[in-house]
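Biologist: I like to know what stands behind each label before I use it. Could you walk me through this one?

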Amino acid sequence: MTGITLWTHARLAPTANPEHILENATIAVRDQRIEWFGDSAQLPAVYQSNSTHVHSLGGALVTPGLIDCHTHLVYGGNRAEEFALRLAGASYEEIARQGGGIVSTVRATRAASADELFASALRRLDALRAEGVTAIEIKSGYGLNLESERKMLRVARRLGQERPVTVATTFLGAHALPPEYAGRADDYINLVCEVMLPALAEEGLVDAVDVFCERIGFTLAQSERVFQAAERFQLPVKMHAEQLSLMGGTALAARHKALSADHLEYLDEAGVIALRDAGSVAVLLPGAYYFIRETQLPPLALLRRHRVPIAIATDSNPGTSPTTSLLLMLNMACTLFRMPVAEVLAGVTTHAARALGHPDVCGEIAIGAPADFVAWNIQSLAELAYWSGLDRCTLVVRHGRIALD
Ligand code: NIG
Ligand code: FE
């Protein structure tokens, strides 16, 4: 037997359930996957005699690797000036209607070189990784033409090659109307469906397809056309839905068996039931809720009543959620949304894995799963959500190798 690594002396929380900590546990890893885990006293003899490497985790609390299932990590510039305008009273929607907002980041992203985009996104990625993130979704959507969307998605792929992190890419060509298509939204959707998506999918740059369905984004009919195009390439879909108003996008996304519908502050019960029936995940984004000073809470009671899996993500982006801390999002989901700790932890592990839809990511410490886990310098799982700012991550293992220490 070759290539076994034993990770010993763990206080193991194999799932998001704070009740189930296995004291003095060992994880046995072979070929990047978990082959066995459990009480060290019950370690099968075969590992005791033939193990090649043994690493003590020193009694640290160990969880699955964290998953950030909704980000816009790659973009040019930032929007600190727009932040100042909003502090002076302008709303996110007003700024967007006046040609600022997403479109201002489109200008900066088109002007940036791939290396510049890579360097700025890498900084943000490293900040997320320093907090135990082992898998991340990265959207395009600030290029809004073939060349610049391709540039963004290639940068996203390169991030996954140059850092030990699983990157799932999402094509968000239908994020905003680029200025050159003003007044011609349907023509732009043609471009997205007939030119951009086919070319980018052909290059293997697209793992999923997203749409911003909103008054300042795209209509239901336009969103549906993008979903139909995605289906022609057998790509799963997801949607920015009901963020600023109730458009009915969630029900449309559910009809197309979306991986997830995201934001959802204005979602109604019919939409919640549609998500449940489709098996889609509700992705809540407390950073965006906080940063645009939203007051409408997502319908948590309804999501729980209908047993829709809930994920939590950073939405890391320059306009509505300029954050690089998934742990802070846990803290905000607890305080702002009144979510219990176990629920937010499932939101960045098991449920986030479902929303990511990546075959290599499962969000649990389980036999046969990729060996992605994090050692934390804390006593209880609640401390992941309780602190804001304290450095708690001591070691990250991804696919069986040390990814950060
Ligand atoms: O998830 N809502 C649309 N997209 C982003 C914001 C993008 C931006 O403002 O740059 C979001 O909130
Ligand atoms: Fe977003």
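Modeller: Gladly. In α6, the buried residues are Ser148, Glu149, Lys151, Met152, Leu153, Val155, Ala156 and Leu159. This is a predicted model, in which local features need pLDDT of at least 70 and side-chain atom pairs count only at pLDDT 80 or more, while totals for chains, interfaces and linings use all residues. Residues are numbered from 1 along each chain as its sequence is written, chains are lettered from A and ligands numbered from 1 in the order in which they are written, and side-chain values use heavy atoms, leaving out hydrogens and water.

Biologist: What makes a residue "buried", and what covers those of α6?

Modeller: Buried means under 20% relative accessible area, exposed means over 50%, and partly exposed lies in between (1.4 Å probe, protein chains only). The cover over the buried residues of α6 includes α4 (102-111), α5 (114-129), β6 (133-139), β7 and α7. Contact here means heavy atoms within 4.5 Å.

Biologist: Why is α6 called a helix, and how do you know that its span agrees with its residue count?

Modeller: Helices are DSSP runs of H or I with at least four residues, strands are runs of E with at least two, and both are numbered from the N terminus. The expected span of a helix is 1.5 Å times one less than its number of residues.

Biologist: How does α7 compare with its expected span?

Modeller: Helix α7 (residues 185-202) has 18 residues and reaches 24 Å, close to the 26 Å expected. A kink of about 35 degrees lies at Met196, shortly before Pro198. That bend is the angle between axes fitted to the seven residues ending at a position and the seven starting there. Met196 is also one of the buried residues of α7, which include Tyr188, Ile189 and Leu191. They pack against α6 (146-162), β7 (166-174), β8 (208-212) and α8 (220-232).

Biologist: Why is Gln234 called exposed?

Modeller: Its relative accessible area is 71%, so Gln234 passes the exposed cut-off. Gln234 sits in the loop between α8 and β9 (237-241).

Biologist: What makes its phi worth a mention?

Modeller: Most residues other than glycine have a negative phi. Gln234 has a positive phi of about 55 degrees although it is not a glycine. Arg338, also a residue other than glycine, has a positive phi near 60 degrees.

Biologist: Where is Arg338, and is it buried or exposed?

Modeller: Arg338 lies in the loop between α13 and α14 (341-347). At 66% relative accessibility, it therefore counts as exposed.

Biologist: Why is α13 called mostly covered?

Modeller: In α13, 9 of its 12 residues are buried. Among them are Leu326, Leu327, Met329 and Phe337. At its start, a side-chain oxygen of Ser325 comes to within 2.9 Å of the backbone nitrogen of Leu328.

Biologist: What makes such a pair a polar contact?

Modeller: The pair must be N or O atoms within 3.5 Å; within protein, one must be able to donate a hydrogen and the other to accept it, and residues adjacent in sequence count only if both atoms are side-chain atoms.

Biologist: How do you know that Ser316 and Ser321 are buried?

Modeller: Ser316 has 1% relative accessibility, so it counts as buried. Ser321, with a relative accessible area of 2%, is therefore buried too. Ser316 lies in the loop between β12 (310-312) and α13 (326-337), and Ser321 is found in the loop between β12 and α13. The side chain of Ser316 reaches the backbone oxygen of Thr323 at 2.7 Å, while that of Ser321 reaches the backbone oxygen of Thr314 at 2.8 Å. Not counting residues up to four places away in sequence, Ser321 touches residues including Asp315 and Ser316.

Biologist: Which residues come nearest to ligand 1?

Modeller: Of the 15 residues around ligand 1, Arg79, Tyr92, Tyr142, Gln243 and Thr320 come nearest. Near means that a heavy atom of the residue lies within 4 Å of the molecule. An oxygen atom of ligand 1 is 2.5 Å from an N or O atom in the side chain of Tyr92. A polar side-chain atom of His175 lies 2.8 Å from a nitrogen atom of the ligand.
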